[in-house]
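Let's take a walk through this model together. Please have a look at the fold before reading on.

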Amino acid sequence: MPYSPILIGHICAGTLGLLSGTAAMSFRKGSPRHVLAGRVFVASMLTMAVGAVYLAIERHQPNNVGGGILTFYLIGTGWLTARRRAGETSRLDWVVLLIPLVLGTLTWVNGIKIVRSGASSQDGVPVGMTFFMGSVMLLAAAGDLRMLVGGGVVGAKRIARHLWRMCFGLFIAAGSFFFGPSNRPLRLLSTVGVGQHLPQALFSTMLYLILTTLPLIMLIFWLIRVRFTNTHKAPVDFASAGPDLTR
């Protein structure tokens, strides 16, 4: 099933998500271009995540099943945070809370199992990354719980919640694209017959690492700007500004 329609759709949606997500981070918040890029980003990322889960089930890849579910959860809750009114929650949030809680617990248990076996990785994934992803999942669950107990999020906390979930979802997509099986950028370009005509620097591991970590760098920048400066301190109703408010 290397070139199945679902795989092609999954890769195309992921590529569109990378481009639109980068654009959404670059455009001015609330501008028509930002809103349009945000809508494309959410739709493409959710499509990519659904495709990832389906393909992972077909190929018996439990780690990728969890990655697809996590991506869907992050983008979905990030989108809801921006679309809802400040302080708004629902009963659905209590159900959704189980996703990162269960995934995070299972990921940590799996990481401990890997360490006890004496291995340093599983299916090519370093055990350190396993613990990192498990910790992020549990932190997301803690954030959901704090939001629900506190009666919702407002102001800078609301923007920060939306922002880190969108950016981390973009980070997962970037990692999957640039470091996925068989080096996807090179494989895709070679398939259409143009890979051999491009500079080898475009296929270097260092470049892929930079592009993969860029969403995390942008995430840190915006979290610092939102939480520790006067940016976005004024109460603003973002519900009508579009689904992606990363700036």
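The paragraphs below go from the whole chain to a few residues.

What you see is a predicted model, in which local features need pLDDT of at least 70 and side-chain atom pairs count only at pLDDT 80 or more, while totals for chains, interfaces and linings use all residues. Residues are numbered from 1 along each chain as its sequence is written, and side-chain values use heavy atoms, with hydrogens and water left out.

The protein chain has nine helices and two strands; these are DSSP runs numbered from the N terminus, with helices being H or I of at least four residues and strands E of at least two. Read from the N terminus, the order is α-α-α-α-α-β-β-α-α-α-α.

Of the 247 residues in the protein chain, 44% are buried, where buried means under 20% relative accessible area, exposed over 50% and partly exposed in between, with a 1.4 Å probe and protein chains only. For contacts (heavy atoms within 4.5 Å) with a separation of 6 or more, 75% join residues 24 or more positions apart.

Now zoom in on helix 5, residues 98-116, which holds Val 115. Val 115 counts as partly exposed because its relative accessibility is 46%. Beyond its neighbours within four places in sequence, Val 115 touches Val 127 and Phe 131.

Finally, the cysteines: Cys 167 is buried because its relative accessibility is 2%, whereas Cys 12, at 49%, is partly exposed. The structure has zero disulfides, meaning pairs of cysteine sulfur atoms within 2.5 Å.
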